[in-house]
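Reader: I am new to this structure and would like to go through it slowly, asking at each step what lies behind the words that are used.

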Amino acid sequence: MKILKQIAIVFLLCWLGEVISALLPFAFPGSIVAMLLLVACLSFSILRVEDIRGVTGFLLANMAFFFIPAGVSILDSFAAIQNDLLPILLVIVLSTLITALVTGGSICLITRFQKRRIPR
């Protein structure tokens, strides 16, 4: 019964995200709205991590399976992207490197900031 409650909470947040996204006067992904709702609920203690830990742990552990449909779609439309394959791969590699560098830089800055704020 506990797992059904957790699934219901996650689906409710997803549904609310889609509803809010449909009501917005501009295009904005419902999944992002749902994640923002989840962060808000956790930040304001409307939800506790324990309220959704089981289902979110399962989803994170099996995340690779959610990329299978996207991979199959790319293979189905390979003929359409075949001519632009090199620029696409270049963008993927560059964006991955930039993301890694920005993430690493952010972690370094946060670590320095925390060391200055917390006396040992």
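Reader: How many salt bridges does a search of the whole structure find?

Author: This is a predicted model, and a search of the whole structure finds two salt bridges in it. One joins the side chains of aspartate 51 and arginine 48, and another joins those of arginine 53 and glutamate 50.

Reader: What makes the contact of aspartate 51 and arginine 48 a salt bridge?

Author: The term asks for a side-chain nitrogen of Lys or Arg within 4 Å of a carboxyl oxygen of Asp or Glu. For aspartate 51 and arginine 48 the N to O distance is 3.0 Å, and for arginine 53 and glutamate 50 it is 3.5 Å, so both pairs meet the cut-off of 4 Å.

Reader: How do you know which class arginine 53 and glutamate 50 belong to?

Author: Arginine 53 has a relative accessible area of 48%, and glutamate 50 has a relative accessibility of 44%.

Reader: Where does serine 45 lie, and what is remarked about its phi?

Author: Serine 45 lies in the loop between α2 and α3, and it has a positive phi of about 60 degrees although it is not a glycine. The remark is made because most residues other than glycine have a negative phi. With a relative accessible area of 61%, serine 45 is exposed, since exposed means over 50%.

Reader: What makes lysine 5 and glutamine 6 fall into their classes of accessibility?

Author: Both residues lie in helix α1, lysine 5 and glutamine 6. Lysine 5 stands at 51%, over the cut-off of 50%, and therefore counts as exposed. Glutamine 6, with a relative accessible area of 4%, is buried, because that value is under 20%.

Reader: How far from lysine 5 is valine 55, and how far from glutamine 6 is leucine 60?

Author: Lysine 5 and valine 55 are 50 residues apart along the chain, and their C-alpha atoms are separated by 9.5 Å. Glutamine 6 and leucine 60 are 54 residues apart in sequence, with 14 Å from C-alpha to C-alpha.

Reader: What is known of the largest pocket, its space and its lining?

Author: About 280 Å³ of space lies in the largest pocket. The elements that give two or more residues to its lining are α1, α2 and α3. Among the lining residues are Val10, Leu13, Met35 and Ile52, and the whole lining divides into eight nonpolar, two polar and one charged. Glu18 is in the lining, and because Glu counts as charged, Glu18 supplies the one charged residue.

Reader: How does the lining of the second largest pocket divide, and which residues form it?

Author: The second largest pocket, with a volume of about 150 Å³, is lined by Thr56, Leu59, Leu60, Met63 and Phe66. Four of these are nonpolar, one is polar and none is charged. Thr56 and Leu59 are also named in the lining of the largest pocket.

Reader: Which residues make the nonpolar surface patch?

Author: Leu12, Trp15, Leu16, Val19, Ile20 and Leu23 make this patch of about 560 Å². Valine 19, one of them, is placed in helix α1.

Terms used:
Residues are numbered from 1 along each chain as its sequence is written. This is a predicted model: local features need pLDDT of at least 70, side-chain atom pairs count only at pLDDT 80 or more; totals for chains, interfaces and linings use all residues. Side-chain values use heavy atoms; hydrogens and water are left out. Helices (H or I, at least four residues) and strands (E, at least two) are DSSP runs, numbered from the N terminus. Buried means under 20% relative accessible area, exposed over 50%, partly exposed in between (1.4 Å probe, protein chains only). On a 1 Å grid over the protein atoms alone, a cavity is a set of points where a 1.4 Å probe fits but cannot get out, and a pocket is an open set with protein on both sides within 12 Å along at least five of seven lines; lining residues have an atom within 4 Å of a point. Grid points are joined across faces, edges and corners, and a volume is the space filled by probe spheres set on the points. Patches are made of residues with over 30% relative accessible area and no salt bridge: like charges are joined within 9 Å, nonpolar side chains (Val, Leu, Ile, Met, Phe, Trp, Tyr) within 5 Å. Accessible areas come from the Shrake-Rupley method with a 1.4 Å probe; for residues, only the protein chains shown count as cover.
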